[in-house]
Amino acid sequence: MNYTTHTQQAIPSSSVDEQATAQVEAVAPTLDPLTSRDRRIIGEIIEVKPESVRTIWIEGGITVWVQLVGGGRLPFDRNWFATRVAEVKATLPETPRERNERLSDELEKACTVFGLYHGEIDWLSFSTKLYQDGRFVGFIGCNLQGWYARPRQYGVNRVAPNAEQVIALLGVRARVAA
């Protein structure tokens, strides 16, 4: 009678760590807490490409750690880092996408004030139709010159510095609180 003996083979610790990490990432994916703007700001501060920044965290309320995609970690004093973030934020221009998101939020808030809702936004020209109580009110949009409104498909644009004022140019009054 033949007997087979099974022995456990040693697995190098590095492959165990890599396997464990891969399993955790596969089982529990997390949302990325950093926006592209965050990465641009951090990249500007530490002078690396934004896409090389993996994550950031604060340890002990004192040290800001920046984890890089390549595996390196850089420590910074929290107060110094916060000051640099404020400085870079103030000078970093918006990307077209960030501008659209900011303007979309502004439009949503302004529509709420007037009791309006809008259709799907055309991001290339940032324009949409406005409706109140199911009735078409007009067109509103924003381009490089600023906010504009038109009561009809064709006609002259009326311009204003913000979404609320341009909506008022369409003759819509703000809702009165009950």
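Student: Which residues of helix H2 are buried?

Tutor: A residue counts as buried under 20% relative accessible area, as exposed over 50%, and as partly exposed in between (1.4 Å probe, protein chains only). In H2 the buried residues are Arg39, Ile41, Ile42, Gly43, Ile45 and Ile46. Helices (H or I, at least four residues) and strands (E, at least two) are DSSP runs, numbered from the N terminus. This is a predicted model, in which local features need pLDDT of at least 70, side-chain atom pairs count only at pLDDT 80 or more, and totals for chains, interfaces and linings use all residues. Residues are numbered from 1 along each chain as its sequence is written, and side-chain values use heavy atoms, with hydrogens and water left out.

Student: What covers the buried residues of H2?

Tutor: Contact means heavy atoms within 4.5 Å. The cover of the buried H2 residues includes strand E1 (53–59), strand E2 (63–68), strand E3 (73–77) and helix H3.

Student: At what angle do H2 and H3 pack?

Tutor: Axes are lines fitted to C-alpha atoms, for helices over the stretch in contact, and angles run from 0 to 180 degrees between N-to-C directions. For H2 (residues 36–46) and H3 (residues 78–91) the angle is about 115 degrees, and the axes are 10 Å apart. Angles under 35 degrees count as roughly parallel, over 145 as roughly antiparallel, 65 to 115 as roughly perpendicular and the rest as oblique. H2 and H3 are therefore roughly perpendicular to each other. The contact involves Arg37, Ile41, Ile42, Glu44 and Ile45 from H2, and Trp80, Phe81, Arg84, Val85, Val88 and Lys89 from H3.

Student: How many nonpolar, polar and charged residues does the contact of H2 with H3 have?

Tutor: Ala, Val, Leu, Ile, Met, Phe, Trp, Tyr, Cys and Pro count as nonpolar, Asp, Glu, Lys and Arg as charged, and the others, Gly among them, as polar. On that scheme, the contact of H2 with H3 has seven nonpolar residues, four charged residues and no polar ones.

Student: Is Glu98 buried or exposed, and with which residues is Glu98 in contact, leaving aside its neighbours within four places in sequence?

Tutor: Glu98, which is placed in helix H4 (residues 96–114), has a relative accessible area of 11% and is therefore buried. Apart from neighbours within four places in sequence, Glu98 is in contact with Ser36, Arg37, Arg40 and Pro93. Glu98 and Ser36 are 62 residues apart along the chain, and their C-alpha atoms are separated by 9.3 Å.

Student: Where does Glu47 lie, and what is its phi?

Tutor: Most residues other than glycine have a negative phi. Glu47 is not a glycine, yet has a positive phi of about 60 degrees. Glu47 lies in the loop between H2 and E1 and is exposed, with a relative accessible area of 72%. Asp133, also not a glycine, has a positive phi of about 50 degrees. Asp133 lies in the loop between strand E5 (127–132) and strand E6 (135–143), and with a relative accessible area of 70% Asp133 is exposed.

Student: How many disulfides are counted?

Tutor: A disulfide is a covalent bond between the sulfur atoms of two cysteines. The criterion is a pair of cysteine sulfur atoms within 2.5 Å, and the count comes to zero. Cys111 counts as buried, at 2% relative accessibility, and Cys142 counts as buried at 4%.

Student: How many helices and strands are there in the protein chain?

Tutor: The protein chain has five helices and eight strands. Of its 178 residues, 27% count as buried.
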